[in-house]
Amino acid sequence: MKETGCRKGSTISTNRLSSVDYAGYEQALFRFLWDWADRCHADELDGGGRNGRPPVLRPEFASEALIVPKDQDRAREVVSAIHRRQRHRWFRSLKSSQALAQSVFGAIHAFRCLDVLRDVSADCGRPAFLEDARGASLELEHEVRSLDEPRRTSVDAFVEGPSRCVAIECKFTEREFGVCSRPKLRPGDRTFAKQYCDGDYRVQRGRSERCALTEIGVGYWKYLPHLFDWNADHDLSPCPFSAVYQLARNALAVTVTAEGVDANAGHVLVVYDERNPEFASGGGARRQYEAAIAACRIPGLIRCLSWQRLASALDAAPDLAYLVAGLKEKYGISPE
């Protein structure tokens with residue numbers, strides 16, 4: 001692993017990323033990432049074109065997507081915070097939100113400095129993380145085991161304290177949160193015959209349950225009415241869970257325990273790039289977030305925080321000075 005702090009190049013103002021639309025935002029960010037890649041990883045890229053795409057590292061250099069400290073022991077801890085087999089398909093892309101999340105939360109874990117997050121406020125004014133981090137742990141790509149899923153929900157980062165926990169969903173250039181995949185199934189898909197859904201919450205295609213996932217034993221609708229104003233015993237058109245699937249599933253991940261639903265067990269925190277127009281008023285991701293909040297029965301269950309505000313908190317930790325500098329140099333993410 002190279003240490004953070006590569007050859008200095010032309011300075012790119014972060015103001016260039018304050019775009020009006022998503023295309024402008026993405027293009028400006030790609031220019032930023034290409035400048036960083038040319039200075040730091042010119043011999044490690046996949047050789048793909050530059051037009052309309054971010055830099056992508058060759059497979060053998062995938063770990064270079066991370067921002068790591070000079071201390072080699074700590075750097076190895078950051079790199080090992082997510083096992084290689086858990087890396088997303090496009091982890092090698094320099095716009096990968098997983099690599100960004102691992103750089104940040106992997107560093108917090110490696111330097112044992114969860115307490116630096118204690119006084120950080122979410123956009124709603126509530127605490128973004130735990131008010132007391134004593135005895136708390138941090139895990140990346142945390143697998144949820146309480147929802148009877150054939151493929152378990154994996155939370156980007158999970159802070160678990162003695163009495164509360166935080167499920168952290170990390171976004172960067174994404175345009176939306178994940179939605180239910182069953183309406184997207186096509187006739188050639190392996191599960192189409194048994195699990196295709198037309199987008200309504202109702203019995204269909206010869207099933208006995210209103211939700212195709214309930215039909216195969218997944219426990220979502222057993223718990224969703226405890227957290228959201230959705231009645232599991234009535235037909236709903238369209239299905240309200242489908243459009244906010246990822247957000248609501250994270251809410252389940254943080255509240256469903258072996259004993260059932262505990263609304264006070266913790267909260268979901270979405271970390272986003274404040275420059276991304278899709279997370280601004282009227283943006284697609286913002287509309288999903290607001291829809292989830294509007295239906296949520298538990299005040300403060302879903303909260304959000306920008307990477308920029310998080311960088312301001314990290315700036316108070318001397319051990320993380322390399323990270324704050326790296327976020328600005330690579331991504332243009334500066335403390336507020």
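Let's start with what lines the largest pocket: by class, 14 nonpolar, 13 polar and 14 charged residues. Here Ala, Val, Leu, Ile, Met, Phe, Trp, Tyr, Cys and Pro count as nonpolar, Asp, Glu, Lys and Arg as charged, and the others, Gly among them, as polar. Please keep in mind that this is a predicted model, where local features need pLDDT of at least 70 and side-chain atom pairs count only at pLDDT 80 or more, while totals for chains, interfaces and linings use all residues. Residues are numbered from 1 along each chain as its sequence is written, and side-chain values use heavy atoms, leaving out hydrogens and water.

How much space lies in the largest pocket? About 1,400 Å³. Of the 41 residues that line the pocket, the closest to its centre are His88, Arg151, Ser154, Gln246 and Arg249. A word on terms: on a 1 Å grid over the protein atoms alone, a pocket is an open set of points with protein on both sides within 12 Å along at least five of seven lines, whereas a cavity is a set where a 1.4 Å probe fits but cannot get out. Lining residues have an atom within 4 Å of a point. Grid points are joined across faces, edges and corners, and the volume is the space filled by probe spheres set on the points.

Which elements supply the lining? At least two residues each come from helix H3 (97-110), strands S1 (137-143), S2 (154-160) and S3 (165-170), and helix H8 (245-255). Helices (H or I, at least four residues) and strands (E, at least two) are DSSP runs, numbered from the N terminus. H8 gives the largest share, four residues.

H8 is also mostly covered, with eleven of its eleven residues buried; among them are Tyr245, Gln246 and Arg249. Buried means under 20% relative accessible area, exposed over 50%, and partly exposed in between (1.4 Å probe, protein chains only).

Now follow strand S3 to its neighbour. S3 and S6 (266-272) run parallel, joined by six bridges; two strands pair if DSSP finds at least two bridges between them. Val166 has His267 in S6 as its bridge partner. Seven of the seven residues of S6 are buried, so this strand is largely enclosed by the rest of the structure. S6 also pairs with strand S7 (residues 302-306) in the parallel sense, over five bridges, and there Val271 partners Leu305. Together S6, H9 and S7 make a right-handed β-α-β unit: with the strands pointing away from you, the path from the first strand over the helix to the second runs clockwise.

On to charges. How many salt bridges does a search of the whole structure find? There are 22, each a side-chain nitrogen of Lys or Arg within 4 Å of a carboxyl oxygen of Asp or Glu. In one of them, the closest N and O atoms of Asp123 and Arg309 are 3.6 Å apart. Asp123 sits in the loop between H3 and S1 and Arg309 in helix H10 (residues 307-314), so the pair ties together parts 186 residues apart in sequence. Asp123 is partly exposed at 34% relative accessibility, and Arg309 is partly exposed at 27%.

Another salt bridge joins Glu278 and Arg175 (2.7 Å, N to O). Glu278 is in the loop between S6 and helix H9 (284-295), and Arg175 in the loop between S3 and helix H4 (192-195), 103 residues apart. Buried or exposed? Glu278 counts as buried, at 12% relative accessibility, whereas Arg175 is partly exposed, at 46%.
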